[in-house]
Every structure is written in structure tokens, then in C-alpha cells.
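Let's take a friendly walk through this structure, one feature at a time. Have the sequence and the 3D view open as you read.

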Amino acid sequence: MGDDRSQDQPPKRVVVCGGGIIGVCTAYFLAKKGATVTLIERSSIAGAASGKAPAFLALHMCDGGLLSSLARASFDLHSSLAEELDASRSYSFRPLTTLTISVGESELPSKSPILPHWVDGRVKPGEIIGTAETTAQTHPQLFTRALLAKAVTEYGVEVVTAKVEGVEEGEKGVVVKVAGGGVIGGDAVVLALGPWTSKLLGPSSKFKVHGKKVHNVVLEPKDADAITPHAIFGTYYPAQNMGPLETNFYPRPTREVFVCGALVEAEIPEGPELVSPDPESIEKLKRVAGIVSSYLAKDNVSVKSEDVGLMPCSGDELPIMGEVPGMKQCYVSSGHGYWGILFGPASGVAMAELVLDGHASIVDLDCFSPARFVK
Ligand SMILES: Cc1cc2nc3c(=O)[nH]c(=O)nc-3n(C[C@H](O)[C@H](O)[C@H](O)COP(=O)(O)OP(=O)(O)OC[C@H]3O[C@@H](n4cnc5c(N)ncnc54)[C@H](O)[C@@H]3O)c2cc1C
């Protein structure tokens, strides 16, 4: 990726609202393309869902649907950004093998050759669904912060800590109102507020971004050296007559295992700091971890954190990216659901192209346009 800045045209002033991975990637690629960018975040950069994900990345898992080209373009961008940002120093990026298992009290430990030796509990092996060529993991918060640091130092992005309270069309361009009475003007604005996006636009918004709570625990096994880089997609079948529980395991290079699952539809609170975990869901994750692996059982780990993230989802499970119907120069990029970390870089490029060039060439944004919700 070369430096696209052009000396011939006056830079477009763009305000990006939201400092999650989607807002930061958008700000980075806008500024790299020559725009003058202000990023507004109310609390901390990648402090909401973008800091609470295992950040599993897959080249091929969206194949065959409308998300395929976004996923493939973004997987490649994550790899090239890992070189550009020197990931081995600033954050971690590593390929891994990915497999499925089913988990249940009635299963017997299996000696299948596809299972890493630390998956020694009551599991039935499924299949390998990703290799080191097709699946990888990054660290979402460190990645987002490293990208923003480069955006600030190399491309002059200005970061403002403030709560955005409204957006209006101005005489020329847009006006963003922030708490305390301040205003920040620009030629265009991009709303990347995750689950808070339609809250800002109010009840007249033609589309809704809702939130799903996804719980996680980070375990530090006593025998961390025994844990190999395998992402494990587990489906736990409880003995009682309850539905299955998806529980996934992602060892990290930092001697931890990130365990997540337990999806709950949630009200969207006022701010990210008010999203709190449900103790029962956390206990379930810890319990399933102990069933899957003796290395992750209660007595063999210390619990580093118990947390929850609010995943921004749209009504049809596709991201919402494009100009907001009825609001000129006001764009939205949200609702990236289960794959927001994967989709971040290509979404950023696509939004930068749309805002500055009038159309995106990296992926076709037509199917993601908010106009699809307007009857
Ligand atoms: C447990 C969990 C596991 C996941 N696993 C994966 C995975 O393995 N791979 C993957 O690709 N994706 C995964 N995801 C999904 C991914 O994390 C999200 O899709 C992505 O982080 C969404 O990013 P975002 O920038 O749209 O939203 P957010 O991260 O929510 O960022 C929005 C930002 O806007 C700010 N904001 C809100 N309102 C205002 C306001 N009024 N003024 C100023 N700022 C405001 C917030 O403070 C926040 O920082 C997972 C999510 C969770 C929760």
C-alpha cells in the first residue's frame, strides 16, 4: 500500500466518530488517502467490543455469501499491516490451526490425532476447519492502538476525547455536536459508533444496530508452555435438557487462553463502561473450559479477567456501510457482528474510497448500503 496523498486537491476534512476498530481503520485509510481527519471517541480507544474479542481471523469462512470479498480482502490487509506495523513488536499476529469439537459430560476423552494434547477432556473431535494459511489471530486492542498511533504520527489524525451528541447538515458539509456544547465541523462525517450508532441517529433512523453480549474469560494455565496455537470451536451439550452452548478457545502468545461464548441479546446502555457480564454466563464458560481440558480446570489456572463485549449487529447480519439516507455527507460503518475485527481494515479502505472518491473499489458496497432498509 503506497502513500496516496495528492498535492493537487485541497484535503477533505472528515470527522470519524467512534474509536473502535472500525472507526480507527476508517480514520487511518482516510488520512493515508489525503484527508484531514479528526477522530472522536468518548472513552478509550478499542475499549468496547474492539478490545474484548479473541480476534480470530479467517480467509475463507465467509465464502459463498455476500461477505466473502470483504473477508478475503481484509484477511490479506491484516497480513500486510502486520508487516507494516511490525506486529511482532507492537501487537501479536500469528497463524494457527482451527478445529471443531463437541463437548459433553457423557463423552469419553479421545486420542484423536487432530486434537492437540492439551484438549484431553470429555470431547469428541470434529474436523480441521482452518490451517495456518487460512486462519490467524491478532490482538484487537493493541492492533487498533498501533494503527491509530501510526495514523497520528504519520498522517496527522487528530484524536478528540468527547461524547458525540448529534450530527447535522451544515451550510457547507456537516456539524458534529459534542457534550459540553462544542462543535466540530467537516466536509463529511463517518459514524462508527458500534452498537451506539442508531442510538445517536435517534428513532427516525431507518436502520437499527442492536447489541449482543458475548462473554469471555481469560485464563492463565499453570502449564502455559503446554498450550499450542490451535483455535478450538466447541459446542457444549449440557446433560440437562438445555440448548447447546458455543464455547471457543483461543490460546494467545501471551501465555493466556481466551475463552468466549454465551451470547445474550442485550439492551444498549448509555456507554461502554456500563456493559457488565452476567455471572452465570461467566461460570458456564469456566466450567466448559474445565471439561475440555485439564490444563484449563479451576485448580490449574489463574483467572486473569472475566468480561463481556457488546457486539454490534444489524437486522440482516450484514454490515451497514454507506451514506445515511436523507443526510448528505453523513456516512455510517457499523453492524459488523461476529467478524468486525476481521473486516476492520477492508471496511476502512472501502469507507475512505467511498467518502473521498464517491465509490469503493476494494469491495462492492451496494449490498451493505443503509438504503436497503428504506422501503
Ligand atoms: C467476545 C467477542 C468475541 C468476538 N470475536 C471476534 C473474532 O474472533 N473475530 C472478529 O473478527 N470479530 C469478533 N468479534 C466482533 C468484533 O469485536 C466487533 O464486530 C468489532 O469490535 C466492532 O467494532 P466497532 O468499531 O464497530 O465497535 P466498538 O468496538 O463498539 O467501537 C465503538 C466505539 O464508539 C464509541 N462511542 C459510542 N458512542 C459514542 C459517542 N456518542 N461519542 C463518541 N464515541 C462513542 C465507543 O466508546 C466505542 O469505543 C467479537 C466480539 C466480541 C464481543
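## Lys286 and its two partners

Is Lys286 buried, partly exposed or exposed? Lys286 is partly exposed, with a relative accessible area of 23%. Please keep in mind throughout that this is a predicted model. The cut-off for buried is under 20% and for exposed over 50%, so 23% falls in between.

Which residues form salt bridges with Lys286? One partner is Glu283, where the closest N and O atoms are 3.4 Å apart. Lys286 and Glu283 both belong to helix 6 (residues 279-292) and sit 3 residues apart there, which means that about one helical turn separates them. Glu283 is partly exposed, at 45% relative accessibility. The other partner is Glu306, with 2.6 Å between the closest N and O atoms.

## Salt bridges elsewhere

How many salt bridges are there by the rule used here? The count comes to 19 salt bridges. Among them is the one between Arg72 and Asp63, whose closest N and O atoms are 2.8 Å apart. Arg72 is partly exposed at 33% relative accessible area, and Asp63 is partly exposed at 38%.

Some salt bridges share partners, and in this way Arg42, Lys163, Glu165, Glu270 and Glu273 are joined into one network. As a general point, side chains of opposite charge can pair when their charged atoms come close.

## Where helix 2 meets helix 7

Next comes a helix pair. Helix 2 (residues 68-84) packs against helix 7 (residues 340-357) with the axes 7 Å apart and an angle of about 90° between them. Helix 2 is therefore roughly perpendicular to helix 7, since angles of 65 to 115 degrees are given that name.

Which residues make up this contact? Helix 2 brings Leu70, Ala71, Ala73, Ser74, Phe75, Leu77, His78 and Leu81. From helix 7 come Ile341, Leu342, Phe343, Gly344, Pro345, Ala346, Ser347 and Val349. Sorted by class, the contact of helix 2 with helix 7 has 12 nonpolar and 4 polar residues, and no charged ones.

## Aromatic pairs

How many aromatic pairs does a search of the whole structure find? The search finds 8 aromatic pairs. One of them joins Tyr28 and Phe29: the ring centres are 4.9 Å apart and the planes stand at 90°, so the pair is edge-to-face. Tyr28 is buried at 0% relative accessibility, and Phe29 is buried at 6%.

Phe233 and Tyr250 also form an edge-to-face pair, with 6.3 Å from centre to centre and 70° between the planes. This pair links distant parts of the chain, with Phe233 in strand 14 (residues 230-237) and Tyr250 in strand 15 (residues 245-252), 17 residues apart. Tyr250 is buried, with a relative accessible area of 5%. Phe233 and Tyr250 belong to one aromatic cluster together with Phe56 and Trp339.

## Two loop residues with positive phi

Most residues other than glycine have a negative phi. Ala46 has a positive phi of about 55°, although it is not a glycine. Ala46 is found in the loop between strand 2 (36-41) and strand 3 (56-58), and is buried with a relative accessible area of 1%.

Glu317 is another residue other than glycine with a positive phi, here near 65°. Glu317 lies in the loop between strand 17 and strand 18 (320-323). Is Glu317 buried or exposed? Glu317 counts as exposed, at 54% relative accessibility.

## Leu39 and its surroundings

The tour ends at Leu39, a residue of strand 2. Leu39 is buried, with a relative accessible area of 0%. Leu39 and Val15 are 24 residues apart in sequence, and their C-alpha atoms are 5.9 Å apart in space.

What does Leu39 touch, leaving out residues up to four places away in sequence? Its contacts include the glycines Gly18, Gly19 and Gly23. Leu39 also touches Val16, Val24, Ala27, Ile45 and Leu148, as well as Val157, Glu158, Val159 and Val160.

Technical notes: Residues are numbered from 1 along each chain as its sequence is written. This is a predicted model: local features need pLDDT of at least 70, side-chain atom pairs count only at pLDDT 80 or more; totals for chains, interfaces and linings use all residues. Side-chain values use heavy atoms; hydrogens and water are left out. A salt bridge is a side-chain nitrogen of Lys or Arg within 4 Å of a carboxyl oxygen of Asp or Glu. Buried means under 20% relative accessible area, exposed over 50%, partly exposed in between (1.4 Å probe, protein chains only). Helices (H or I, at least four residues) and strands (E, at least two) are DSSP runs, numbered from the N terminus. Axes are lines fitted to C-alpha atoms, for helices over the stretch in contact, and angles run from 0 to 180 degrees between N-to-C directions. Angles under 35 degrees count as roughly parallel, over 145 as roughly antiparallel, 65 to 115 as roughly perpendicular and the rest as oblique. Contact means heavy atoms within 4.5 Å. Ala, Val, Leu, Ile, Met, Phe, Trp, Tyr, Cys and Pro count as nonpolar, Asp, Glu, Lys and Arg as charged, and the others, Gly among them, as polar. Rings of Phe, Tyr and Trp (its six-membered ring) pair if their centres lie within 6.5 Å; planes under 30 degrees apart count as stacked, over 60 as edge-to-face and the rest as tilted.
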